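Here are my notebook entries on this chain. Have a look at it alongside me.

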Amino acid sequence: MDDAAAATADVLAALAPSWSAAVVLVSYLAYLAAAGALLPGKLVAGAVLPDSSRLHYRCNGLLSLLLLLGLSALGVYMGWMTPTVVADRGLELLSTTFIFSVIVSFLLYYTGLRSRHQSSSLKPHATGSFIQDWWFGVQLNPHFMGVDLKFFFIRAGMMAWLFINLSLLAKSYLAGSVNRAVILYQFFCGWYIIDYFIHEEFMTSTWDIIAERLGFMLVFGDLVFIPFTFTIQGWWLLGNKVELPLLASVANCIIFLIGYLVFRGANKQKHLFKKDPKAPIWGKPPKVVGGKLLVSGYWGIARHCNYLGDLLLALSFSLPCGASSVIPYFYPTYLLILLIWRERRDEARCSEKYKDIWAEYCKLVPWRILPYVY
């Protein structure tokens, strides 16, 4: 057997799901469910749904994350677990989580079709196409034992992203390969994830929570795609030493900072506007079209300026890997395609919903994502 064939065989063997990986996954999800239900947190009202109802979300993700970090540190200190346990079982966990996401999506499809609820959250929205209904989902906000599954899965995926990265960092440290590139990548991702949980209530006014039904697309995206593909850069740096020049490091930090300010600033403005349409934007009364659409702040620059910030952040996560391979740039490339696709869907939805108001808004804000380019 040649080296390539042997390497392929090793990868396939490592991809085999295992009971130990299943125990790790179930334990992790059980902890999140218990922590989400028991730990204190701000109760945030979600967007008003078509039937005028509103869901409420307990935003205690940051406390749940800090407690899990503390418990994990205690487990490592006491010798109950190794700091590299997630990285060592990365491929097993990937395949196990994928199988879990498939099973969950079929259960959501089956129970959604059988639902007799008429509320906006639980009313079945079936098209008659199995593929479409399984992929996009049947219900908007399905629950299980009192847990809002959509909000829960997003939280699980974001936390898993951080824990995989920390396990990779521990593996790099033990191998003596921690350098400037590794530190920058870990810092950027860590800041982004922790900041997400600090502002977790902003998630309640996003497209995923308000408009997307829960099917395989979101379940797979949250539980598999986010944690296991957004960490490709970390895996790359584990196996490839990148000497990042100081000037490139400074430029990388600037891109990250600009992306963060645009992304967080735009999402904060939108969230605050939905809570209080009269709240000042950049120190001035907000300009509104048709009493519904914000045309001030970042939202007067581009119709989806938060996407620009997200893309700059994604790029900053990959730049520490250098330019020797396209593999670490999978995340920003994927995100670019996804956000353009999502922007087109959102434009069509808003045009149908707001009609003439949307047309007027587009005249005032002609740029979709990047001013003077797109």
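This is a predicted model: local features need pLDDT of at least 70, side-chain atom pairs count only at pLDDT 80 or more; totals for chains, interfaces and linings use all residues.

Which residues in α2 meet which residues in α5? Residues are numbered from 1 along each chain as its sequence is written, and side-chain values use heavy atoms, with hydrogens and water left out.

**Entry 1, the helix pair.** From α2 I noted Ser20, Ala21, Ala22, Val24, Leu25 and Leu29, which meet Glu92, Leu93, Thr96, Thr97 and Phe100 of α5 (contact means heavy atoms within 4.5 Å; helices are DSSP runs of H or I, at least four residues, numbered from the N terminus). By class I have seven nonpolar, three polar and one charged residue in this contact (Asp, Glu, Lys and Arg are charged; Ala, Val, Leu, Ile, Met, Phe, Trp, Tyr, Cys and Pro are nonpolar; the others, Gly among them, are polar). The two axes come within 9 Å and cross at roughly 65° (lines fitted to C-alpha atoms over the stretch in contact, with angles from 0 to 180 degrees between N-to-C directions).

The assignment, automatic or from a database, gives domain 1 as 12-242 and domain 2 as 243-373. I find 34 residues of domain 1 and 37 residues of domain 2 in their contact. Their C-alpha centres lie 23 Å apart.

Key:
Helices (H or I, at least four residues) and strands (E, at least two) are DSSP runs, numbered from the N terminus.
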